[in-house]
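Subject: Structure handover, with notes on strands and aromatic rings

Dear colleague,

I am passing on the structure below, and my notes on it follow. Please read them alongside the coordinates and tell me where you would look further.

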Amino acid sequence: MSTEMTKEQKALLREKKRRRLRLRRRIGLGLILCVILAFVLFLLFTFLFKVDTVEVTGKTDSEGNISSYSTYYTSDEIISASGIDTGDSLVLMSVSGVAERIVRTLPYIGSVTVEKHYPGGVTLVIEETEDFYAIEVGNSYVVLDRSFKVLGTYESVPEGCAVLDGITLSQAVTGETAVFDDEAYKDRIETVADSCEANGITDVTAYDFSNLAAVKIIIGGKATVNLGTITDIDEKLVMAAKTIEAELTENGNEFIIVDVSDKERAYVRDDNDAKNSYEEPETEEETEDDESDFDV
């Protein structure tokens with residue numbers, strides 16, 4: 001059998017090659033047209049959709065109520081800090097960049113949500129932060145929010161702030177997160193503060209981390225709580241809260257020192273340094289159970 005191609009077979013082969021070539025050209029042309037179209041649309045969107053209005057508002061709660069956007073800054077100050085100008089391209093505007101500029105420039109702004117509304121509107125949804133901690137540096141106090149963002153430096157401790165004793169700063173730039181000499185203290189502070197909040201211990205005026213084996217919480221006008229270490233802190237603070245409540249009920253507003261370094265028992269010292277122990281009263285069920293143990 002002859003292996004040579006006939007004229008008809010050669011013609012078919014040439015036709016297949018031409019078809020493949022035409023298909024490649026069409027695909028290439030289609031890709032070029034898509035790129036050109038995308039570029040044209042990009043230019044149209046960039047030049048057509050320009051910022052013409054910027055609105056500042058507060059966050060909306062679950063019931064649909066809108067909170068006040070700021071007690072510290074005017075809307076003009078917030079818009080100026082955003083860096084948005086009328087006529088800017090809405091398409092090219094970076095929402096993360098806008099939010100970052102505002103939060104860094106205006107320290108009492110905790111978070112910003114940037115909403116684009118085509119063809120030309122921008123809404124800045126503002127949530128404020130507040131004074132929470134204060135660290136003494138020289139003759140002044142560096143004030144931080146709950147997430148350790150530096151809010152400013154003041155001559156005295158702002159109302160509602162808890163002083164952090166035993167903490168030193170290596171960097172404190174307003175509008176940025178504070179840097180501690182030992183960053184591990186941040187987790188310890190958060191653990192104690194979260195536990196205080198969870199266990200209803202309010203009006204804390206100071207946290208003393210000078211000695212990690214004897215961490216203290218100072219509750220203004222009421223008590224000093226000696227935690228020992230922060231291990232089992234929730235159990236310790238449950239006992240501390242009950243002890244303080246019982247002591248205030250019995251002795252009025254006398255300042256006390258509560259030692260819960262032993263999580264099983266709270267010791268109370270008053271101004272005369274008398275040492276008393278406090279144990280949680282037994283419940284009625286516990287008393288009945290105890291009595292049943294001695295039934296003959």
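Strands β4 and β5 form a hairpin with 2 residues between them, and Gly138 in the turn has a positive phi of about 65°. Strands here, like helices, are DSSP runs numbered from the N terminus (E, at least two residues, for strands; H or I, at least four residues, for helices). This is a predicted model, in which local features need pLDDT of at least 70 and side-chain atom pairs count only at pLDDT 80 or more, while totals for chains, interfaces and linings use all residues. Residues are numbered from 1 along each chain as its sequence is written, and side-chain values use heavy atoms, with hydrogens and water left out.

Strand β4 (residues 133-137) runs antiparallel to β5 and is joined to it by 5 bridges, with Ala134 standing opposite Val143 in β5; two strands pair if DSSP finds at least two bridges between them. On its other pairing, β5 is joined by 4 bridges to strand β6 (residues 150-154), again antiparallel, and Tyr141 has Tyr154 in β6 as its bridge partner. β5 and β6 also form a hairpin, with 5 residues between them, and Phe148 in that turn has a positive phi of about 70°. Strand β5 (residues 140-144) is largely enclosed by the rest of the structure, because 4 of its 5 residues are buried (under 20% relative accessible area, with exposed over 50% and partly exposed in between, for a 1.4 Å probe and protein chains only).

Phe148 also belongs to a cluster in which ring pairs link Phe132, Tyr133, Phe148, Phe180 and Tyr207. Rings of Phe, Tyr and Trp (its six-membered ring) pair if their centres lie within 6.5 Å, and planes under 30 degrees apart count as stacked, over 60 as edge-to-face and the rest as tilted. The charged end of Lys186 sits over the ring of Phe180, 5.3 Å from its centre, where such a contact requires NZ of Lys or CZ of Arg within 6 Å of the ring centre and within 35 degrees of the ring normal. Likewise, the charged end of Arg188 sits over the ring of Tyr185, at 4.7 Å from its centre.

The whole structure holds 8 aromatic pairs. Among them, Tyr72 and Tyr73 are tilted, because their ring centres are 6.2 Å apart and their planes are at 45°. Tyr72 also stacks with Tyr108, at 4.1 Å centre to centre and 15° between the planes. Tyr72 lies in the loop between β1 (53-58) and α2 (75-82) and Tyr108 in the loop between α3 (95-105) and β2 (109-117), so the pair ties together parts that are 36 residues apart in sequence. Tyr72 is partly exposed at 42% relative accessibility, whereas Tyr108 is buried at 5%.

Best regards
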